[in-house]
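Thanks for coming. I will go through a few helices and the aromatic rings between them, so please keep the model in view.

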Amino acid sequence: MQLSQVESLAQVKMVSRELVLQKLPKLPKKKWFDPYGDDHEEARANLPPNIAQDDWNYLVNLWSDKDWKDMCEKNKISRSQNLIIHITGSKSFQQRKEEEKEKTGEELGRVQLFEVTHVRANGQAINEHTQEALMAFKNFTTQVAKGSLQMSEDEMFVEVFGPEHHGRVRGYGDGVTPTELWGSSSSSIRDLQRQLKESEEKRKENDADLQRQLKESEEKRKESDAHLKILEAQVNRVESLLALVMKKLSPPELAQSESST
């Protein structure tokens, strides 16, 4: 769709504003639009260089639109409340991820991507809140590497930042949804059901092995008890025989003395 064919704001809202803006030169709004205040016609007449009139009309309509202003104000407030600051500038997280993959030949994990997009060249984050998050991730990954903690990278993010917001995934930048990473909720449920079934089967196998081991231990204990009884009987028999032999080998007087005693 050509910009000249966009006849109303309603039609503009039917297409992606971001896609349209990407085709236009980046203009400083503060220089070419803001000085005219609410006089949009005067701003429209002040055509910047290297831009067609239809494109400039589109931008003036866009910047003067109430919905657009409300959205910009909301985004401004959100940015001011965002305490975790990245260092990628205009690059998306996915661009940085691909760049690192080209360098190392390996796919970055979620925690590694967070470090790449939030750590400056000096090894520090931009602010204290981001640095605290980085230190928490390092603490978790160290414990996992030592084997003292079992935790996935997704669980680490929930531990550091809390539950994910609907429709987005922290650490991957804008546009990445849970469905893209982990599939639809139905497939996730199926995966969880499969894992639960496998865990249950594994538990049953372990229980069966334990019962078998207990049974074998009980049988061995019974065998040991029977063998011990046999040994005790043999010892008693030997002691009786020794007593009989000693009696026969004793002198008659000793035998009489013992008998009289």
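Let's start with helix H9, residues 128-146, in what is a predicted model. At 1.5 Å a residue, its 19 residues should span 27 Å, and the C-alpha atoms at its ends are 27 Å apart, so the two agree. Just past the end of H9, Gly-147 has a positive phi of about 85°.

Which residues of H9 are buried? They are Thr-130, Gln-131, Ala-133, Leu-134, Phe-137 and Phe-140. Their cover includes H8 and helix H10, residues 153-161.

Now the rings. Phe-137 forms an aromatic pair with Phe-114, edge-to-face, at 5.2 Å centre to centre and with 65° between the planes. Phe-114 lies in helix H8 and Phe-137 in helix H9, so this pair ties together parts that are 23 residues apart in sequence. Both of these residues are buried.

Phe-114 also pairs with Phe-157, again edge-to-face: 5.9 Å centre to centre, 85° between the planes. That pair links helix H8 to Phe-157 in helix H10, 43 residues apart. Phe-157 is buried, as is Phe-114. The count of aromatic pairs comes to five. Elsewhere, Phe-33, Trp-56 and Trp-63 make up one aromatic cluster.

Last, the other neighbour of H8. How do helix H7, residues 93-104, and helix H8, residues 110-118, pack? Their axes are 10 Å apart at an angle of about 105°; the two helices are therefore roughly perpendicular. H7 contributes Phe-93, Arg-96, Lys-97 and Glu-100 to the contact, and H8 contributes Leu-113, Val-116, Thr-117 and His-118. By class, that contact has three nonpolar, two polar and three charged residues.

Conventions
Residues are numbered from 1 along each chain as its sequence is written. This is a predicted model: local features need pLDDT of at least 70, side-chain atom pairs count only at pLDDT 80 or more; totals for chains, interfaces and linings use all residues. Side-chain values use heavy atoms; hydrogens and water are left out. Axes are lines fitted to C-alpha atoms, for helices over the stretch in contact, and angles run from 0 to 180 degrees between N-to-C directions. Helices (H or I, at least four residues) and strands (E, at least two) are DSSP runs, numbered from the N terminus. Angles under 35 degrees count as roughly parallel, over 145 as roughly antiparallel, 65 to 115 as roughly perpendicular and the rest as oblique. Contact means heavy atoms within 4.5 Å. Ala, Val, Leu, Ile, Met, Phe, Trp, Tyr, Cys and Pro count as nonpolar, Asp, Glu, Lys and Arg as charged, and the others, Gly among them, as polar. The expected span of a helix is 1.5 Å times one less than its number of residues. Buried means under 20% relative accessible area, exposed over 50%, partly exposed in between (1.4 Å probe, protein chains only). Rings of Phe, Tyr and Trp (its six-membered ring) pair if their centres lie within 6.5 Å; planes under 30 degrees apart count as stacked, over 60 as edge-to-face and the rest as tilted.
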